[in-house]
Amino acid sequence: MTLRTRTRARRCLRWVGTVGALLCALAGQAQPHLPEEQLKAAFVFNFAKYIEWPAEEGSLAQIVACVSGDASAIGDALGAFHGRAVAGRTFHVRRHVQPEELDRCHIAVLSDSSDRGVVAALKHVPAQAVLTVSDADGFVDGGGMIGIVRNGDRLQFDINQAALQRANLKASSQLLKLARNLGARPR
C-alpha cells in the first residue's frame, strides 16, 4: 500500500467516524438529552469540513462563522467550537453580526423570528465565498445554500447546489450523499 493510499484510507476512516458520530447524535433515541441548537451547531461545524472555498480563501488560517439575526441559542452552541481545528484551520465564531458585515465571514448562519427575514438577509450576503446556513422554512428554495430541517424527530439538511456554484464553493461528495434533498443541479 503506498503512502498516498494509506493517507486516503486514514482520511476516509476519520470521515466515517465523524459522520457516524454526527448520525448518532441526530438519532432521537441515541442522544435525547442534546438540545437541538447544539445539534445544529455541530452541523455547521461539520459543514466547514466538507466545503471547499476558492483558492484565495483556502489559504487563510481560519474559518469564520458569523451568526446574524436573533440566533443567540445557536450562537452560544457554536461558541463551543470556537478555536477548534477544522480542515487544517481554526474555527472562529462571531455573534450578533449585522447582515452588511457578512462579507467578512466564510459561513453565515442566518436566523430571524420570521422566515421572510432570513430570506431578505440573503440579499446582504456577498456573491462569492460565503456559505449560507439556516433553519428557516424555505431557505434553500429562497436561494440559501444549506437548510437545516426537522424531519420527524431528526434533523437533516438540504443543499442548493446552484447557490453553492454561484458563490464559487464546492461541497464534497460525502456531504452531498448525506443531504436529504439536493436543489437544482448547476448547469
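Two strands are said to pair if DSSP finds at least two bridges between them. In this predicted model, strand β5 (residues 107-111) and strand β6 (residues 131-134) are joined by four bridges and run parallel. Within this pair, V109 stands opposite V133 in β6.

Strands of a sheet pair through backbone hydrogen bonds, either parallel or antiparallel. Here, eight strands form an open sheet with mixed pairing, and their order is β3-β4-β2-β5-β6-β7-β8-β10.

Helix α2 lies across β2 (62-69), β3, β4 (89-94), β5, β6, β7 (146-151) and β8 (154-159), and runs at about 35° to β8. Helix α4 also packs on the sheet, where it touches β2, β4 and β5, and its direction makes about 150° with that of β4.

The two helices also meet each other. The axes of α2 (residues 36-49) and α4 (residues 72-79) come within 8 Å and cross at roughly 60°. Because of this angle, α2 is oblique to α4. The crossing in which α2 passes α4 is right-handed. On the α2 side, the residues in contact are E37, Q38, K40, A41 and V44, and they meet A73, I74, A77 and L78 in α4. Sorted by class, this contact has six nonpolar residues, one polar residue and two charged residues.

Note on methods:
Residues numbered from 1 in each chain as written. Predicted model: local features only at pLDDT ≥ 70, side-chain atom pairs only at ≥ 80, totals over all residues. Heavy atoms only, no water. Axes fitted to C-alpha atoms, helices over the stretch in contact; angles between N-to-C directions. Parallel < 35°, antiparallel > 145°, perpendicular 65-115°, else oblique. Left-handed = near helix turned anticlockwise from the far one by under 90°. Contact = heavy atoms within 4.5 Å. Nonpolar A, V, L, I, M, F, W, Y, C, P; charged D, E, K, R; others polar.
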